[in-house]
Amino acid sequence: MKNNFWNYVLGILFILGGIVLIFKPNFSFQSLVYYVGVVLLITGIFRVIMSIVRHESFLLPGNYFLGGALNALFGIILMINKEAAVNLIPTILGLWLIISGVSGLALVINGKRVTKQINSRYLIENILKLVLGIIIMTTPIITVIFVGWVLGIILILVGIAIIYNAYTSKNVYKVKIK
């Protein structure tokens with residue numbers, strides 16, 4: 001529990017944010033964009049710090065670091081330039097999901113070479129991220145119309161995945177090589 005405390009907190013924040021976005025669609029796009037920016041920035045900083053402080057616990061710490069840095073960068077962009085971000089949110093969200101999916105698939109592929117601990121759950125999760133990112137990038141009008149719901153669902157799913165991973169293992173990315 002001690003090692004995963006922040007994962008539980010992060011998962012709960014994602015789920016609460018997702019619920020708010022789904023049931024309070026009257027938020028203006030700018031408020032929504034700012035909120036997503038804050039969540040991405042916090043998540044990114046957390047991932048960067050964890051990849052530095054506990055790099056020996058990760059199969060690919062650079063992969064985790066890069067994902068965190070990209071989250072933080074997208075978060076800052078969303079917070080600083082809200083008006084432009086409203087117009088670019090489908091592109092930013094699509095890129096974020098594609099990069100996250102590809103990064104996760106790289107972890108799965110490289111992890112399978114080293115150990116059998118990484119299972120199909122990670123493969124499915126990252127393929128879904130990649131497919132959803134491609135759909136959002138190719139049909140941005142869907143995202144613009146349903147942006148609150150899409151982000152709410154994404155935040156809830158990511159929150160559930162974070163909590164589930166924290167609950168089912170001491171450290172999801174820790175791999176013991178014999």
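What pattern does the protein chain follow when read along the sequence? In this predicted model, the answer is α-α-α-α-α-α-α.

How much confidence does the predictor attach to the protein chain? The average pLDDT is 78, and 78% of the residues score at least 70. Among the elements, helix 5 (residues 120-138) has the highest mean pLDDT, at 86, whereas helix 6 (residues 140-145) has the lowest, at 67.

Helix 1 makes a friendly place to start looking. Helix 1 covers residues 5-23, which is 19 residues, and spans 27 Å from its first C-alpha to its last, close to the 27 Å expected at 1.5 Å a residue. Its buried residues are Tyr8, Leu10, Gly11, Phe14, Gly17, Gly18 and Leu21.

Across the protein chain, buried residues account for 43% of the 178 residues.

The structure holds one salt bridge, and it pairs Lys129 with Glu125. The closest N and O atoms of this pair are 3.6 Å apart. Both residues belong to helix 5, and because they are four residues apart there, about one helical turn separates them. Glu125 has a relative accessible area of 24%, so it counts as partly exposed rather than buried, a term kept for values under 20%.

Conventions:
Residues numbered from 1 in each chain as written. Predicted model: local features only at pLDDT ≥ 70, side-chain atom pairs only at ≥ 80, totals over all residues. Heavy atoms only, no water. Helix = DSSP H or I, 4+ residues; strand = E, 2+ residues; numbered from the N terminus. Expected span 1.5 Å × (residues − 1). Buried < 20%, exposed > 50% of the residue type's maximum accessible area, 1.4 Å probe, protein only. pLDDT = per-residue confidence, 0-100. Salt bridge = Lys/Arg side-chain N within 4 Å of Asp/Glu carboxyl O.
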